[in-house]
Amino acid sequence: MHRSVAIIGAGQAGATLATTLRTTGWEGAIELVDSEGGDLYQRPPLSKDYLSGSVDEDGLITRTRALLERDGIGYRPGATVAAIDRPARRLHLDDGSHVSYDIAVIATGSRPRSLVLDGSDLLDVHLLRTRVDAAALRRSLGKARDVVVLGGGFLGLEIASSAAKSTRVVVVERAAELLQRSLSAPMARELAARHADEGTRILVDTGVRRLVDRDGAVSGVELDDGTILPADVVIVSVGAQPNIEIAAEAGLDVVNGIVVDSSLRTSDPSIYAIGDCVSFPHPHVFGHIRLESVQNAVDQARHLAHVLTGTGETGYAAVPWFWSHQANQNLQIVGIAAPDDDAVVEAHHDGRVVIARTRDERVTAVETLNAPRVHRQARALLAQGQVPVLDWEGLLSQSGVRR
Ligand SMILES: Cc1cc2nc3c(=O)[nH]c(=O)nc-3n(C[C@H](O)[C@H](O)[C@H](O)COP(=O)(O)OP(=O)(O)OC[C@H]3O[C@@H](n4cnc5c(N)ncnc54)[C@H](O)[C@@H]3O)c2cc1C
(Lines give C-alpha, C1' and ligand atoms only; values in the text may rest on other atoms or scores of the structure.)
Protein backbone atom coordinates (compact mmCIF):
# COMPACT_ATOMS: atom_id res chain seq x y z
CA MET A 1 0.00 0.00 0.00
CA HIS A 2 1.35 3.44 -0.89
CA ARG A 3 1.15 6.17 1.73
CA SER A 4 -0.96 9.28 1.03
CA VAL A 5 0.05 12.88 1.65
CA ALA A 6 -2.35 15.79 2.19
CA ILE A 7 -0.91 19.28 1.80
CA ILE A 8 -2.67 22.26 3.39
CA GLY A 9 -1.91 25.30 1.22
CA ALA A 10 -1.05 25.35 -2.50
CA GLY A 11 1.20 28.41 -2.43
CA GLN A 12 4.90 28.49 -3.22
CA ALA A 13 5.78 25.78 -0.67
CA GLY A 14 2.78 23.44 -1.01
CA ALA A 15 2.77 23.47 -4.82
CA THR A 16 6.53 22.88 -5.04
CA LEU A 17 6.23 19.97 -2.60
CA ALA A 18 3.42 18.32 -4.60
CA THR A 19 5.29 18.45 -7.90
CA THR A 20 8.69 17.52 -6.42
CA LEU A 21 7.15 14.52 -4.65
CA ARG A 22 6.10 13.18 -8.05
CA THR A 23 9.53 13.74 -9.62
CA THR A 24 11.29 12.08 -6.66
CA GLY A 25 9.18 8.93 -6.91
CA TRP A 26 6.25 9.34 -4.48
CA GLU A 27 3.67 6.83 -5.71
CA GLY A 28 0.86 7.42 -3.21
CA ALA A 29 -2.00 9.89 -3.45
CA ILE A 30 -1.22 13.62 -3.18
CA GLU A 31 -4.06 15.99 -2.21
CA LEU A 32 -3.52 19.77 -2.30
CA VAL A 33 -6.11 21.89 -0.48
CA ASP A 34 -6.19 25.68 -0.73
CA SER A 35 -8.53 28.43 0.41
CA GLU A 36 -7.82 30.44 -2.74
CA GLY A 37 -9.21 29.34 -6.11
CA GLY A 38 -7.93 29.06 -9.67
CA ASP A 39 -4.60 28.06 -11.19
CA LEU A 40 -1.57 28.15 -8.92
CA TYR A 41 0.40 31.39 -9.02
CA GLN A 42 3.38 33.23 -7.52
CA ARG A 43 3.19 36.30 -5.29
CA PRO A 44 6.41 38.28 -6.01
CA PRO A 45 5.11 40.04 -9.18
CA LEU A 46 1.98 41.22 -7.30
CA SER A 47 3.86 44.17 -5.79
CA LYS A 48 6.11 44.74 -8.82
CA ASP A 49 5.36 44.09 -12.52
CA TYR A 50 1.71 43.14 -12.01
CA LEU A 51 1.00 46.27 -9.96
CA SER A 52 2.74 48.57 -12.41
CA GLY A 53 0.79 46.92 -15.25
CA SER A 54 3.61 45.26 -17.21
CA VAL A 55 2.47 41.71 -16.32
CA ASP A 56 -1.14 40.49 -16.43
CA GLU A 57 -2.89 37.69 -14.49
CA ASP A 58 -1.65 34.99 -16.88
CA GLY A 59 1.93 36.03 -16.17
CA LEU A 60 1.47 35.09 -12.50
CA ILE A 61 0.55 31.46 -13.09
CA THR A 62 3.06 28.80 -12.13
CA ARG A 63 1.01 25.61 -12.57
CA THR A 64 -2.34 25.12 -14.26
CA ARG A 65 -4.97 22.71 -12.96
CA ALA A 66 -4.46 20.63 -16.12
CA LEU A 67 -0.77 20.20 -15.23
CA LEU A 68 -1.63 19.06 -11.70
CA GLU A 69 -4.12 16.57 -13.11
CA ARG A 70 -1.52 15.24 -15.54
CA ASP A 71 0.85 14.63 -12.60
CA GLY A 72 -1.85 12.82 -10.63
CA ILE A 73 -2.09 15.55 -8.00
CA GLY A 74 -5.54 16.07 -6.49
CA TYR A 75 -6.34 19.78 -6.06
CA ARG A 76 -9.20 21.30 -4.09
CA PRO A 77 -9.26 25.05 -4.80
CA GLY A 78 -11.47 27.26 -2.68
CA ALA A 79 -11.51 24.79 0.24
CA THR A 80 -10.27 25.74 3.70
CA VAL A 81 -8.99 23.21 6.21
CA ALA A 82 -10.93 24.03 9.37
CA ALA A 83 -9.35 21.41 11.65
CA ILE A 84 -6.82 18.60 11.79
CA ASP A 85 -8.12 15.48 13.52
CA ARG A 86 -4.80 13.93 14.53
CA PRO A 87 -6.07 10.66 16.08
CA ALA A 88 -8.17 9.90 12.95
CA ARG A 89 -5.55 11.38 10.56
CA ARG A 90 -8.14 13.47 8.80
CA LEU A 91 -8.40 17.07 7.62
CA HIS A 92 -11.85 18.60 8.11
CA LEU A 93 -12.76 21.06 5.38
CA ASP A 94 -15.11 24.01 5.76
CA ASP A 95 -17.51 22.50 3.18
CA GLY A 96 -18.14 19.57 5.54
CA SER A 97 -16.00 17.06 3.62
CA HIS A 98 -12.73 15.54 4.83
CA VAL A 99 -9.40 14.32 3.47
CA SER A 100 -7.64 11.32 5.07
CA TYR A 101 -3.86 11.21 5.22
CA ASP A 102 -0.89 9.12 6.25
CA ILE A 103 1.32 12.24 6.16
CA ALA A 104 -0.02 15.81 6.43
CA VAL A 105 2.00 18.89 5.52
CA ILE A 106 1.03 22.35 6.73
CA ALA A 107 2.04 25.00 4.16
CA THR A 108 -0.41 27.73 5.12
CA GLY A 109 1.94 30.71 4.64
CA SER A 110 1.36 34.03 6.33
CA ARG A 111 -1.03 36.96 6.09
CA PRO A 112 -0.59 40.73 6.36
CA ARG A 113 -0.77 42.29 9.80
CA SER A 114 -3.51 44.86 9.99
CA LEU A 115 -3.36 48.17 11.83
CA VAL A 116 -5.81 48.98 14.57
CA LEU A 117 -6.45 52.49 13.36
CA ASP A 118 -9.48 54.71 12.93
CA GLY A 119 -10.43 54.57 9.25
CA SER A 120 -8.63 51.36 8.31
CA ASP A 121 -11.92 49.91 6.98
CA LEU A 122 -12.51 52.80 4.55
CA LEU A 123 -12.75 52.33 0.79
CA ASP A 124 -9.37 52.40 -1.00
CA VAL A 125 -7.42 51.24 2.04
CA HIS A 126 -5.59 48.08 1.00
CA LEU A 127 -3.59 45.13 2.30
CA LEU A 128 -1.63 43.03 -0.22
CA ARG A 129 -1.21 39.25 -0.15
CA THR A 130 -3.30 37.57 -2.85
CA ARG A 131 -4.00 38.15 -6.53
CA VAL A 132 -7.49 39.31 -5.58
CA ASP A 133 -5.93 41.96 -3.28
CA ALA A 134 -3.52 42.96 -6.06
CA ALA A 135 -6.28 43.31 -8.68
CA ALA A 136 -8.27 45.56 -6.32
CA LEU A 137 -5.20 47.67 -5.54
CA ARG A 138 -4.32 47.98 -9.22
CA ARG A 139 -7.82 49.26 -9.95
CA SER A 140 -7.59 51.82 -7.13
CA LEU A 141 -4.15 53.00 -8.27
CA GLY A 142 -5.51 53.49 -11.80
CA LYS A 143 -7.58 56.46 -10.57
CA ALA A 144 -5.28 57.74 -7.81
CA ARG A 145 -3.12 60.83 -7.62
CA ASP A 146 -1.86 60.65 -4.03
CA VAL A 147 -0.81 57.35 -2.49
CA VAL A 148 0.39 56.77 1.07
CA VAL A 149 2.14 53.53 2.01
CA LEU A 150 2.16 52.75 5.74
CA GLY A 151 5.29 50.72 6.45
CA GLY A 152 8.76 50.97 4.92
CA GLY A 153 9.61 47.24 4.70
CA PHE A 154 10.50 45.38 1.50
CA LEU A 155 6.89 44.99 0.43
CA GLY A 156 5.85 48.57 1.23
CA LEU A 157 8.82 49.94 -0.70
CA GLU A 158 8.11 47.70 -3.71
CA ILE A 159 4.51 48.90 -3.76
CA ALA A 160 5.68 52.51 -3.42
CA SER A 161 8.01 52.10 -6.36
CA SER A 162 5.31 50.55 -8.58
CA ALA A 163 2.83 53.27 -7.62
CA ALA A 164 5.41 56.04 -8.16
CA LYS A 165 5.32 55.31 -11.90
CA SER A 166 1.92 57.02 -12.12
CA THR A 167 1.18 58.78 -8.80
CA ARG A 168 2.68 60.87 -6.00
CA VAL A 169 3.79 58.56 -3.20
CA VAL A 170 4.66 59.05 0.46
CA VAL A 171 6.00 56.19 2.60
CA VAL A 172 5.41 56.54 6.35
CA GLU A 173 7.64 54.48 8.63
CA ARG A 174 7.38 54.44 12.42
CA ALA A 175 10.99 53.32 13.04
CA ALA A 176 13.97 55.65 12.82
CA GLU A 177 15.31 53.87 9.69
CA LEU A 178 13.81 51.88 6.82
CA LEU A 179 14.22 48.09 6.93
CA GLN A 180 15.90 48.27 10.33
CA ARG A 181 15.63 44.56 11.15
CA SER A 182 16.41 43.16 7.69
CA LEU A 183 19.12 45.33 6.13
CA SER A 184 22.31 47.13 7.14
CA ALA A 185 21.95 50.87 7.74
CA PRO A 186 24.19 51.89 4.78
CA MET A 187 22.21 49.71 2.34
CA ALA A 188 18.90 51.02 3.71
CA ARG A 189 20.13 54.61 3.21
CA GLU A 190 21.23 53.76 -0.33
CA LEU A 191 17.78 52.38 -1.16
CA ALA A 192 16.05 55.39 0.37
CA ALA A 193 18.11 57.66 -1.88
CA ARG A 194 17.10 55.69 -4.98
CA HIS A 195 13.42 55.94 -3.99
CA ALA A 196 13.86 59.69 -3.53
CA ASP A 197 15.27 59.81 -7.10
CA GLU A 198 11.94 58.33 -8.26
CA GLY A 199 10.11 61.15 -6.49
CA THR A 200 8.92 59.13 -3.47
CA ARG A 201 8.86 60.98 -0.16
CA ILE A 202 9.94 58.90 2.81
CA LEU A 203 9.03 59.91 6.35
CA VAL A 204 10.79 57.93 9.09
CA ASP A 205 10.23 58.18 12.84
CA THR A 206 6.63 59.08 12.03
CA GLY A 207 3.48 57.67 13.59
CA VAL A 208 -0.04 57.71 12.19
CA ARG A 209 -3.04 58.90 14.24
CA ARG A 210 -5.94 58.00 11.89
CA LEU A 211 -7.10 57.73 8.30
CA VAL A 212 -9.36 60.56 7.18
CA ASP A 213 -12.87 59.68 5.95
CA ARG A 214 -14.60 61.45 3.03
CA ASP A 215 -17.97 59.87 2.23
CA GLY A 216 -16.78 56.41 3.19
CA ALA A 217 -13.53 56.55 1.21
CA VAL A 218 -10.09 57.48 2.47
CA SER A 219 -8.98 61.02 1.69
CA GLY A 220 -5.93 61.47 3.88
CA VAL A 221 -3.59 60.20 6.58
CA GLU A 222 -3.30 62.16 9.81
CA LEU A 223 0.17 61.87 11.32
CA ASP A 224 1.00 62.00 15.03
CA ASP A 225 1.97 65.68 14.79
CA GLY A 226 -1.43 66.55 13.27
CA THR A 227 -0.21 66.94 9.68
CA ILE A 228 -2.66 65.53 7.12
CA LEU A 229 -1.18 63.90 4.04
CA PRO A 230 -3.62 63.81 1.11
CA ALA A 231 -4.37 60.22 -0.01
CA ASP A 232 -6.78 58.66 -2.53
CA VAL A 233 -5.24 55.27 -1.78
CA VAL A 234 -3.59 53.94 1.38
CA ILE A 235 -1.67 50.66 1.53
CA VAL A 236 -1.06 49.13 4.94
CA SER A 237 2.16 47.11 4.77
CA VAL A 238 3.33 46.60 8.32
CA GLY A 239 4.57 43.00 8.21
CA ALA A 240 3.06 39.53 8.13
CA GLN A 241 2.01 36.96 10.68
CA PRO A 242 2.18 33.18 10.18
CA ASN A 243 -1.03 31.19 9.65
CA ILE A 244 -0.65 28.87 12.61
CA GLU A 245 -4.18 28.64 13.99
CA ILE A 246 -5.08 25.13 12.74
CA ALA A 247 -1.73 23.81 14.00
CA ALA A 248 -2.20 25.40 17.42
CA GLU A 249 -5.79 24.12 17.69
CA ALA A 250 -4.54 20.62 16.84
CA GLY A 251 -2.14 20.88 19.78
CA LEU A 252 1.09 21.13 17.78
CA ASP A 253 3.97 23.20 19.21
CA VAL A 254 3.74 26.79 18.02
CA VAL A 255 6.10 29.65 18.91
CA ASN A 256 6.24 32.45 16.31
CA GLY A 257 5.43 29.79 13.70
CA ILE A 258 4.83 26.06 13.70
CA VAL A 259 7.84 24.54 15.42
CA VAL A 260 9.63 21.83 13.41
CA ASP A 261 12.87 19.88 13.77
CA SER A 262 15.68 19.75 11.21
CA SER A 263 13.63 17.25 9.13
CA LEU A 264 10.80 19.86 9.08
CA ARG A 265 8.67 17.55 11.22
CA THR A 266 6.26 19.03 13.79
CA SER A 267 5.69 17.67 17.29
CA ASP A 268 3.42 15.04 15.62
CA PRO A 269 5.56 12.55 13.62
CA SER A 270 2.86 12.32 10.89
CA ILE A 271 2.71 16.07 10.32
CA TYR A 272 5.35 18.29 8.69
CA ALA A 273 5.34 22.03 8.00
CA ILE A 274 7.13 24.21 5.41
CA GLY A 275 7.33 27.81 4.19
CA ASP A 276 6.36 31.12 5.79
CA CYS A 277 4.41 29.46 8.62
CA VAL A 278 7.38 27.53 10.03
CA SER A 279 9.84 28.15 12.85
CA PHE A 280 12.84 25.92 12.12
CA PRO A 281 16.37 25.32 13.42
CA HIS A 282 19.17 26.52 11.16
CA PRO A 283 22.87 25.81 11.69
CA HIS A 284 23.68 29.51 11.08
CA VAL A 285 21.53 30.79 13.95
CA PHE A 286 21.23 30.08 17.63
CA GLY A 287 17.75 28.55 18.09
CA HIS A 288 14.86 28.68 15.65
CA ILE A 289 14.11 31.17 12.90
CA ARG A 290 11.08 31.96 10.71
CA LEU A 291 11.65 33.32 7.20
CA GLU A 292 9.31 34.72 4.57
CA SER A 293 10.83 34.20 1.15
CA VAL A 294 10.42 32.20 -2.04
CA GLN A 295 13.82 30.56 -1.52
CA ASN A 296 12.83 29.34 1.93
CA ALA A 297 9.46 27.98 0.72
CA VAL A 298 10.94 26.25 -2.34
CA ASP A 299 14.06 24.83 -0.66
CA GLN A 300 12.07 23.49 2.30
CA ALA A 301 9.53 21.91 -0.07
CA ARG A 302 12.25 20.21 -2.11
CA HIS A 303 14.04 19.08 1.02
CA LEU A 304 10.86 17.61 2.47
CA ALA A 305 10.09 15.76 -0.78
CA HIS A 306 13.48 14.04 -0.44
CA VAL A 307 12.86 13.29 3.25
CA LEU A 308 9.48 11.69 2.50
CA THR A 309 10.74 9.63 -0.43
CA GLY A 310 13.93 8.68 1.42
CA THR A 311 16.07 10.14 -1.35
CA GLY A 312 17.99 12.83 0.54
CA GLU A 313 19.60 14.09 3.74
CA THR A 314 17.41 14.80 6.77
CA GLY A 315 19.02 17.98 8.18
CA TYR A 316 17.68 21.09 6.44
CA ALA A 317 20.51 23.62 6.11
CA ALA A 318 19.97 25.61 2.88
CA VAL A 319 21.58 29.06 3.05
CA PRO A 320 18.80 31.66 3.03
CA TRP A 321 18.74 34.24 0.26
CA PHE A 322 16.26 36.85 -0.84
CA TRP A 323 15.70 39.36 -3.61
CA SER A 324 13.66 42.49 -3.98
CA HIS A 325 13.19 44.72 -7.04
CA GLN A 326 12.36 48.32 -6.24
CA ALA A 327 13.25 51.79 -7.49
CA ASN A 328 14.79 50.09 -10.55
CA GLN A 329 17.31 48.35 -8.31
CA ASN A 330 18.11 44.69 -7.92
CA LEU A 331 18.65 44.06 -4.21
CA GLN A 332 19.88 40.61 -3.14
CA ILE A 333 20.76 39.29 0.29
CA VAL A 334 22.34 35.99 1.25
CA GLY A 335 22.90 34.71 4.78
CA ILE A 336 21.45 35.69 8.13
CA ALA A 337 22.76 38.79 9.91
CA ALA A 338 21.82 39.97 13.37
CA PRO A 339 20.79 43.65 13.44
CA ASP A 340 23.99 44.58 15.31
CA ASP A 341 26.41 42.74 12.99
CA ASP A 342 29.01 45.06 11.45
CA ALA A 343 28.39 46.36 7.93
CA VAL A 344 31.51 46.69 5.78
CA VAL A 345 30.88 48.61 2.57
CA GLU A 346 33.22 46.93 0.09
CA ALA A 347 32.30 48.60 -3.15
CA HIS A 348 30.23 51.57 -4.06
CA HIS A 349 30.55 52.56 -7.68
CA ASP A 350 28.85 52.21 -11.10
CA GLY A 351 25.48 52.03 -9.31
CA ARG A 352 26.65 48.82 -7.60
CA VAL A 353 26.87 48.42 -3.85
CA VAL A 354 28.35 45.40 -2.04
CA ILE A 355 28.15 45.16 1.74
CA ALA A 356 29.41 42.32 3.93
CA ARG A 357 27.83 41.82 7.34
CA THR A 358 30.40 40.43 9.76
CA ARG A 359 30.68 39.21 13.33
CA ASP A 360 33.80 37.88 15.08
CA GLU A 361 35.86 37.97 11.85
CA ARG A 362 33.27 35.87 10.02
CA VAL A 363 30.87 36.85 7.23
CA THR A 364 27.23 36.34 8.29
CA ALA A 365 25.50 37.85 5.24
CA VAL A 366 26.20 39.70 2.01
CA GLU A 367 23.94 42.45 0.63
CA THR A 368 24.30 43.55 -2.99
CA LEU A 369 22.66 46.16 -5.15
CA ASN A 370 22.90 45.51 -8.91
CA ALA A 371 25.73 43.01 -8.45
CA PRO A 372 24.14 39.61 -9.21
CA ARG A 373 27.47 37.93 -9.94
CA VAL A 374 28.87 38.80 -6.53
CA HIS A 375 25.60 37.60 -4.98
CA ARG A 376 25.92 34.22 -6.72
CA GLN A 377 29.56 33.89 -5.64
CA ALA A 378 28.66 34.84 -2.05
CA ARG A 379 25.92 32.18 -2.09
CA ALA A 380 28.40 29.52 -3.13
CA LEU A 381 30.86 30.69 -0.46
CA LEU A 382 28.30 30.79 2.37
CA ALA A 383 26.99 27.35 1.37
CA GLN A 384 30.37 25.93 2.39
CA GLY A 385 29.72 26.82 6.03
CA GLN A 386 31.40 29.44 8.19
CA VAL A 387 33.20 32.05 6.09
CA PRO A 388 36.24 33.83 7.53
CA VAL A 389 36.54 37.47 6.40
CA LEU A 390 39.80 36.53 4.65
CA ASP A 391 37.99 34.16 2.24
CA TRP A 392 35.50 36.89 1.44
CA GLU A 393 38.30 39.32 0.65
CA GLY A 394 39.75 36.73 -1.72
CA LEU A 395 36.40 36.50 -3.51
CA LEU A 396 36.22 40.29 -3.87
CA SER A 397 39.69 40.48 -5.42
CA GLN A 398 38.80 37.77 -7.97
CA SER A 399 35.43 39.31 -8.86
CA GLY A 400 36.95 42.72 -9.61
CA VAL A 401 34.63 44.46 -7.15
CA ARG A 402 37.54 45.79 -5.13
CA ARG A 403 39.42 48.42 -7.11
C1 LIG B 1 3.19 40.86 -2.80
C2 LIG B 1 4.30 39.95 -2.37
C3 LIG B 1 5.56 40.08 -2.94
C4 LIG B 1 6.59 39.22 -2.56
N5 LIG B 1 7.84 39.38 -3.14
C6 LIG B 1 8.83 38.53 -2.79
C7 LIG B 1 10.11 38.66 -3.38
O8 LIG B 1 10.37 39.54 -4.19
N9 LIG B 1 11.07 37.76 -3.02
C10 LIG B 1 10.83 36.76 -2.12
O11 LIG B 1 11.72 35.96 -1.84
N12 LIG B 1 9.62 36.64 -1.52
C13 LIG B 1 8.61 37.51 -1.84
N14 LIG B 1 7.40 37.38 -1.23
C15 LIG B 1 7.19 36.35 -0.20
C16 LIG B 1 6.84 35.02 -0.82
O17 LIG B 1 5.82 35.15 -1.77
C18 LIG B 1 6.41 34.08 0.31
O19 LIG B 1 7.49 33.94 1.19
C20 LIG B 1 5.98 32.72 -0.25
O21 LIG B 1 4.83 32.84 -1.02
C22 LIG B 1 5.74 31.76 0.90
O23 LIG B 1 5.22 30.56 0.42
P24 LIG B 1 4.22 29.71 1.30
O25 LIG B 1 3.81 28.55 0.45
O26 LIG B 1 4.81 29.48 2.63
O27 LIG B 1 2.97 30.66 1.52
P28 LIG B 1 1.91 31.14 0.45
O29 LIG B 1 2.53 31.26 -0.89
O30 LIG B 1 1.24 32.33 1.03
O31 LIG B 1 0.85 29.94 0.39
C32 LIG B 1 0.06 29.59 1.48
C33 LIG B 1 -1.27 29.09 0.96
O34 LIG B 1 -1.97 28.45 2.02
C35 LIG B 1 -3.35 28.70 1.85
N36 LIG B 1 -4.00 28.45 3.15
C37 LIG B 1 -3.77 29.10 4.34
N38 LIG B 1 -4.53 28.57 5.31
C39 LIG B 1 -5.26 27.55 4.77
C40 LIG B 1 -6.21 26.63 5.26
N41 LIG B 1 -6.57 26.61 6.55
N42 LIG B 1 -6.77 25.75 4.39
C43 LIG B 1 -6.41 25.74 3.08
N44 LIG B 1 -5.50 26.60 2.56
C45 LIG B 1 -4.93 27.49 3.38
C46 LIG B 1 -3.41 30.14 1.37
O47 LIG B 1 -4.60 30.37 0.67
C48 LIG B 1 -2.16 30.21 0.47
O49 LIG B 1 -2.49 30.00 -0.89
C50 LIG B 1 6.35 38.23 -1.59
C51 LIG B 1 5.08 38.12 -0.99
C52 LIG B 1 4.06 38.97 -1.37
C53 LIG B 1 2.70 38.86 -0.73
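This briefing walks through selected helices, strands and residues of the structure above, together with the surroundings of its ligand. The model is a predicted one, and every value below was computed from it.

**Helix 1 and helix 8**

- The axes of helix 1, which covers residues 12-23, and helix 8, which covers residues 294-309, come within 8 Å of each other and cross at roughly 35°.
- The crossing in which helix 1 passes helix 8 is right-handed.
- On the side of helix 1, the residues that meet the other helix are Gln12, Ala13, Thr16, Leu17, Thr20 and Leu21, while the residues of helix 8 that they meet include Val294, Ala297, Ala301, Leu304 and Leu308.
- Sorted by class, the residues of the contact of helix 1 with helix 8 are 10 nonpolar, five polar and one charged.

**Ala297, a residue of helix 8**

- Ala297 has its place in helix 8, and with 27 other C-beta atoms within 10 Å it is buried, because a residue counts as buried when there are 20 or more such atoms.
- Although Ala297 and Gln12 are 285 residues apart in sequence, their C-alpha atoms are 6.1 Å apart in space.
- When the neighbours within four places in sequence are left aside, Ala297 is in contact with Gln12, Ala13 and Thr16, and also with Ile274, Gly275 and Asp276.

**The shell around the ligand**

- There are 35 residues around the ligand, and of these Gly9, Gly11, Ala13, Gly109 and Gly275 come nearest.
- Helix 1, strand 2 (30-34), helix 8 and strand 24 (321-326) each supply at least two residues of this shell.
- By class, the shell around the ligand divides into 15 nonpolar, 14 polar and six charged residues.

- Strand 1 (residues 5-8) runs parallel to strand 9 and is joined to it by four bridges, with Val5 standing opposite Ile103.
- Strand 21 (residues 271-273) also runs parallel to strand 9 and is joined to it by three bridges, with Ala104 standing opposite Ile271.

- Strands of a sheet pair through backbone hydrogen bonds, either parallel or antiparallel.
- Three strands in the order 6-7-8 form an open sheet, and their pairing is antiparallel.
- Strand 6 (81-85) and strand 8 (98-100) stand at the edges with a single partner strand each, so one side of each is left without a neighbour in the sheet.
- On average, and with direction ignored, neighbouring strands of this sheet are turned by 20° against each other.
- Strand 6 and strand 7 (residues 90-93) run antiparallel and are joined by four bridges, and Ala83 stands opposite His92 in strand 7.

- Five strands in the order 11-18-12-13-14 form an open sheet with parallel pairing.
- Its edges are strand 11 (125-126) and strand 14 (201-203), each of which has a single partner strand, so that one side of each is left without a neighbour in the sheet.
- Two bridges join strand 11 to strand 18 (residues 233-236), and Val125 stands opposite Val234 in strand 18.
- Helix 5 (residues 154-163) packs on this sheet, where it touches strand 12 (146-150), strand 13 (168-172) and strand 18, and its direction makes about 165° with that of strand 13.

- Helix 9 (residues 372-383) and helix 10 (residues 389-399) pack at an angle of about 150°, with their axes 11 Å apart, and their crossing is right-handed.
- Arg373, Val374, Gln377 and Leu381 of helix 9 make this contact with Asp391, Trp392, Leu395 and Ser399 of helix 10, and by class these residues are four nonpolar, two polar and two charged.
- Pro242 lies in strand 19 (residues 240-242), and it is buried, with 22 other C-beta atoms within 10 Å.
- Pro242 and Ser399 are 157 residues apart in sequence and 39 Å apart in space, from C-alpha to C-alpha.
- Leaving aside neighbours within four places in sequence, Pro242 is in contact with Ser110, Gly257, Asp276, Cys277 and Arg290.

Technical notes
Residues numbered from 1 in each chain as written. Predicted model: local features only at pLDDT ≥ 70, side-chain atom pairs only at ≥ 80, totals over all residues. Axes fitted to C-alpha atoms, helices over the stretch in contact; angles between N-to-C directions. Left-handed = near helix turned anticlockwise from the far one by under 90°. Contact = placed C-beta atoms within 7 Å. Nonpolar A, V, L, I, M, F, W, Y, C, P; charged D, E, K, R; others polar. Pairing = 2+ DSSP bridges. Near = placed C-beta within 6 Å. Buried ≥ 20, exposed ≤ 12 C-beta atoms within 10 Å, placed from the backbone.
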